[in-house]
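Here are some notes to read alongside the model, written for someone meeting it for the first time. Please keep the 3D view open as you go through the points.

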Amino acid sequence: MDIQNILEKTLPGLGYELVDFELTAQGTLRVFIDQPGGITVEDCATVSNHLSRVFMVEDIDYKNLEISSPGLDRPLKKAADFVRFTGEQAKIKTRLPVEGQKNFVGRIERCENDVVTLSFDGKTADIELSNIDKARLKPEFKF
């Protein structure tokens, strides 16, 4: 079984969402988790302890395991991410230009049929999920 499958099957049962993971060349396995209300240090410790045992049973080879929240500028990867964060600001970089540009900063209006509608500068752009190279939330600080 591969790491992604293990994480996708294990984390929801613990009450967490898999945001992303990476395995570095040095053997560090970084797992980014989230849940409504955010992630605490205790959440990271709980997931780390559980995954350590699961990876031992599944014979997953890694040197270090790091569990973390995705941060305020969390990546947006799936349609469900864009739906969840409708109304929030995002930075999106596309693979191919959309209406003459590849970099966007705007508000997520909706995500339907694998198309994200982003509003910015009084305009809107429809961006297909398959054309998104990178997307992250853009934190807004209100004082």
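1. A word on terms first: two strands pair if DSSP finds at least two bridges between them. Helices (H or I, at least four residues) and strands (E, at least two) are DSSP runs, numbered from the N terminus. This is a predicted model, in which local features need pLDDT of at least 70 and side-chain atom pairs count only at pLDDT 80 or more, while totals for chains, interfaces and linings use all residues. Residues are numbered from 1 along each chain as its sequence is written, and side-chain values use heavy atoms, with hydrogens and water left out.

2. Let us begin with the sheet of five strands. This open sheet runs in the order E7-E6-E5-E4-E8, and its pairing is antiparallel. Strands E7 (123-128) and E8 (132-137) each have a single partner strand, so one side of each has no neighbour in the sheet. On average, and ignoring direction, neighbouring strands here are turned by 40° against each other. (Axes are lines fitted to C-alpha atoms, for helices over the stretch in contact, and angles run from 0 to 180 degrees between N-to-C directions.)

3. Now follow the pairs inside that sheet. Six bridges hold the antiparallel pair of E4 (residues 89-98) and E5 (residues 101-112), where Ile92 has Phe104 in E5 as its bridge partner. Two residues lie between the strands of this hairpin, and Glu99 takes a positive phi near 50°. E5 and E6 are antiparallel too, over five bridges, with Glu112 opposite Val115 in E6. Their hairpin also has two residues between the strands, and there Asn113 takes a positive phi near 50°. From E6 (residues 115-120), six bridges lead on to E7, again antiparallel; Val115 has Glu128 in E7 as its bridge partner.

4. Next comes the sheet of three strands. Its order is E1-E2-E3, it is open, and the pairing is mixed. E1 (17-23) and E3 (64-68) are the edge strands, each pairing on one side only. Neighbouring strands are turned by 15° on average, direction ignored. E2 (residues 28-34) pairs with E3 in the parallel sense over five bridges, and Thr28 stands opposite Asn64 in E3. H1 packs on this sheet, touching E1 and E2, and its direction makes about 155° with that of E1. H2 packs on the sheet as well, touching E2 and E3, at about 145° to the direction of E3.

5. How do the two helices meet each other? The axes of H1 (residues 3-14) and H2 (residues 41-58) come within 11 Å and cross at roughly 145°. Ile6, Leu7, Thr10, Leu11 and Leu14 in H1 meet Val47, His50, Leu51, Val54, Phe55 and Glu58 in H2 (contact means heavy atoms within 4.5 Å). By class, this contact has eight nonpolar, two polar and one charged residues. (Ala, Val, Leu, Ile, Met, Phe, Trp, Tyr, Cys and Pro count as nonpolar, Asp, Glu, Lys and Arg as charged, and the others, Gly among them, as polar.)

6. Finally, which element gives the most to the lining of the largest pocket? E8 does, with five residues. Helix H3 (79-84) and E8 are the elements that give two or more residues to this lining. The lining divides into seven nonpolar, no polar and six charged residues. (A pocket, on a 1 Å grid over the protein atoms alone, is an open set of points where a 1.4 Å probe fits, with protein on both sides within 12 Å along at least five of seven lines; lining residues have an atom within 4 Å of a point.)
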